[in-house]
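Please work through the exercises below with the sequence and the model at hand. Each task is followed by a solution in steps.

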Amino acid sequence: MGNHKFDEAALIKNGNYVETVKLEDLAEAYWREENQQTYNNTYFGRIYCPECRCARLTLVNNKRCRDLFLRANDAAEHKECSYLLDTAPFEAYREYIENLSDEDIRKLLKNLIKKMIRNETTEFNPLVLRMKSGKCTDDKIQSKDIYNNRKDLKRQPIKLLTAPLEDDDYGVLKLFYGRVHIKLSEWEKSSSYSLRFRHPNTNKLIITLNFSNAVKEYLEPTITEYDNTVTNIALASRLEKRKGKDGNTYSNAHICNSRFLVIG
Ligand SMILES: [Zn+2]
């Protein structure tokens, strides 16, 4: 059973779901005072798995690098939840995604937005795959199957785009999702375009997608409609790391495969 890190948590007060809180907002509350007063009053003991809302989470302070991360206290507390499963092996997962039809990948990404951003329930769990003889297959796995019979089941590798990207988020194919600010820019000299996706609150650059005029025509009118707006996106891609000026990265990556991107 995987001991996953979480990018967000469900806040539950007196047994009632209040909202889903991002790791960065928990971290902001944690660092606000030296004694973590704001964090303790609002969140301590009240944060749970964002998917099943059953497993208790703890914000762990890695003192060595001042990084905070979220872990489940006891992974056995997850109920009918994809976090009960290990992540699919990256090579088998890449093969699976690259062999999906355009229509299937569009459905998968739309379902990811529905489940993870809009908090809608779907008839099956879009984050779960079956794995047999080293190959991933998707046979619309219901949440109860995860609980009753989780042999052969794997979790799709997913990552919230507005959470800081970590080293293991680069260079492998994953599903990325989030609510971002989109801006289209034209490079007249090379007659090419770039789409920039920024954090909607901090304006930090998260990912960039460069493409040619021919691709832009294909993307019309979706791109024009969403240009300069904050909207939901999901993509199945490998991200290539870009160095910031200080040699570090917050996020700031290139998207390597634009075929698998859904906006809105
Ligand atoms: Zn869970």
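This is a predicted model: local features need pLDDT of at least 70, side-chain atom pairs count only at pLDDT 80 or more; totals for chains, interfaces and linings use all residues.

**Exercise 1.** Determine which strands pair with strand 11, and in which sense.

*Solution.* Step 1: Strand 11 covers residues 173–187 and runs parallel to strand 10 (residues 158–160), with 3 bridges between them. Here Ile158 lies opposite Leu175.
Step 1: Strand 14 (residues 229–241) is antiparallel to strand 11 and joined to it by 10 bridges. In this pairing, Arg179 faces Asn232.
Step 2: Strand 12 (residues 192–198) is also antiparallel to strand 11, through 7 bridges. Glu186 has Tyr193 of strand 12 as its bridge partner.
Step 3: The hairpin of strands 11 and 12 has 4 residues between the strands, and Ser191 there adopts a positive phi near 40 degrees.

**Exercise 2.** Describe the open sheet of 3 strands and the helix that packs on it.

*Solution.* Step 1: The strand order is 3-2-4, with antiparallel pairing.
Step 1: Strand 3 (16–22) and strand 4 (47–48) are the edge strands, as each pairs on one side only.
Step 2: Helix 1 (residues 23–32) packs on this sheet and touches strand 2 and strand 3; the helix direction makes about 90 degrees with that of strand 3.
Step 3: Strand 2 (residues 8–13) is linked to strand 4 by 2 bridges, and Ala10 has Tyr48 as its bridge partner.

Definitions and conventions. Residues are numbered from 1 along each chain as its sequence is written. Two strands pair if DSSP finds at least two bridges between them. Two residues are in contact if their C-beta atoms, placed from the backbone, lie within 7 Å. Axes are lines fitted to C-alpha atoms, for helices over the stretch in contact, and angles run from 0 to 180 degrees between N-to-C directions.
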